[in-house]
Amino acid sequence: MRSPDYAALKQEIESCVRAHRIGAALKLIRRLKIKDVPEPFRGEFSQLARRCNDIPRAIKLLYPNIYKKKNPTAKDLIEYASTIRKAGMIKQCRLLLDRVPPCADVHLHRAYCFTHEWDYPAAQTELEKYLSHQGVGEYQRWVATTNLISSMVANGHTESALIMLTDLKTEIGEQSRTLYLNLCEIQGQAYFQIGDYESCLAILEELEKTYRDESSTSMLFVNKWKTLCQGKIQPNEEDARVFRTKARSMGHFESLRHFDLVWAQLTNNENLLKYAYFGSPMQAFRAKFPAEAKTFGSMLWAGAGFAAGGPTVDPIDLSARDIPFALNLHRTTLILLSDFYQPWSLYRIHDALFFDEIFDPEETPKKIYQQLSRLGKLLSEDSPLTLSTSPFGYRLRPSKECATWVHPKMIFGSSAELIGQVLRARAPSAIFHSKDLKNLVPIKASQAPKHLQQLEELGTVEKIGRTQFRIKQAG
């Protein structure tokens, strides 16, 4: 059989993508026999698959160039980093970017990682470094500057951001409709932030009229800030409900997360504030909350009839469900309970649970599916927790008429880190005997020596006698 003309096929797919014929592009991409694609074309086809949002295929196409080749090119490393970042593997993306020789693009992609995690001060620093490099193309400079302005607004540098924004809008003009729309929406945010609600509404309403045929994603952001601005003047819970429903259906969970934070503050809704706080495991996002959020202890997250009375569960100890404390299945359970907004894709689960392990597109999904399958079987119909799936990933929620405790920290980098956290919270004194460890954390006595060694290595405890240990407080 004659080998495909890969150069011509790439051009055809590229033409489809540029014409927004994503279905046609995907049809061509999925005809490719991945193992037969020549090495030089893998990065280009992977990029096209990523642009069409076919992340599994994008990963499979480029994985051999990254992990089965002695010296991957910087271009392939950056492309693969872009793909796994889009998939939600932020920690692994950073590890990959560390392998790239110093260049402007590394700063840009690190900035995108920080933005994904709501760390806008760090993102602003990386974007400024990127833009300081010579040779950045005009369009790339526009994109980076737009992101820089957005970060500056998020960081409260509003006046400086508005000056830069006005200059960039003038420069771009009609040359990029998408970027111009983004800048106008950011301008609305800035006006909202400085309390100029009249100007905020004026620019957002003008955008709705002028760009009503633009992509639904762009207009969702416009609708978000318009709803918040109107809510600042006169809160309308029905408007908020409509926005939440739309954002959820489109999978824009981060927009919904931020909307709830702002809406909770402008309506003085403490319950919603707690929901957004405990339902958002990212520390940089929590830094945006008012000072009183730092006093929150834990949250009882309830299902539908809990107000009338019902069972509660503390996920720190699920031994009654045959979920061994601190091992991978238990940590997976805590991860799935840690985010009330964004469902957990297998990529995000991997990044939270095994970020220091390479994601193998063939083997890793099987390992995670096995974990989730086992968890689903253990959480039977009478369980206080329900595991469900959606097109966006997996969710673990309190069952009807039940509730679960959610703690400020639910994601742990290792079993030892989780054991150490619980030990510090539960230990009645700073000194304990090795035989008492099983009474302080729900582990088997036979596991104590291994865990104590890990706790020593982590710096959580120090040995002060043959069988005695002292707990070292965090920080």
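What share of the 475 residues of the protein chain counts as buried? In this predicted model, 48% of them do.

**Figure 1. Overview of the protein chain in the predicted model.** The protein chain holds 23 helices and eight strands. Its C-alpha trace spans about 70 × 65 × 45 Å along the principal axes. Of the contacts between residues at least 6 apart in sequence, 59% join residues at least 24 apart. Carbon and sulfur atoms make up 50% of an accessible surface of about 23300 Å². The side chains include 63 positive and 53 negative ones, and the centres of these two sets are 6 Å apart.

**Figure 2. A87 in helix 5.** Helix 5 covers residues 74–87, and A87 is found in it. The relative accessibility of A87 is 11%, below the 20% limit, so A87 counts as buried. Beyond the residues up to four places away in sequence, A87 touches I55, S345, Y347 and R348. A87 and I13 are separated by 74 residues in sequence, and their C-alpha atoms are 22 Å apart in space.

**Figure 3. E126 in helix 8.** Helix 8 runs over residues 120–131 and includes E126. Is E126 buried or exposed? With a relative accessibility of 10%, E126 counts as buried. Its contacts, apart from neighbours within four places in sequence, are H107, R110, A111 and F114. S249 is 123 residues from E126 in sequence, with 32 Å between the two C-alpha atoms.

**Figure 4. The loop residue H20.** H20 is found in the loop between helix 1 (6–18) and helix 2 (22–29). Its phi is near 60°, a positive value in a residue other than glycine. H20 has a relative accessible area of 68%; because this is over 50%, H20 is classed as exposed.

**Figure 5. The loop residue A326, with helix 18.** A326 lies in the loop between strand 2 (312–313) and helix 18. Although A326 is not a glycine, its phi is positive, at about 70°. A326 counts as buried, with a relative accessibility of 0%. Which residues of helix 18 are buried? They are L329, H330, R331, T332, T333, L334, I335, L336 and L337. Helix 18 (residues 328–337) is thus mostly covered, with nine of its ten residues buried.

Note on methods: Residues numbered from 1 in each chain as written. Predicted model: local features only at pLDDT ≥ 70, side-chain atom pairs only at ≥ 80, totals over all residues. Heavy atoms only, no water. Helix = DSSP H or I, 4+ residues; strand = E, 2+ residues; numbered from the N terminus. Buried < 20%, exposed > 50% of the residue type's maximum accessible area, 1.4 Å probe, protein only. Contact = heavy atoms within 4.5 Å. Areas by Shrake-Rupley, 256 points an atom, 1.4 Å probe, with all protein chains shown as cover. Lys, Arg positive; Asp, Glu negative; His and termini not counted. Charge placed at Lys NZ, Arg CZ, Asp CG, Glu CD.
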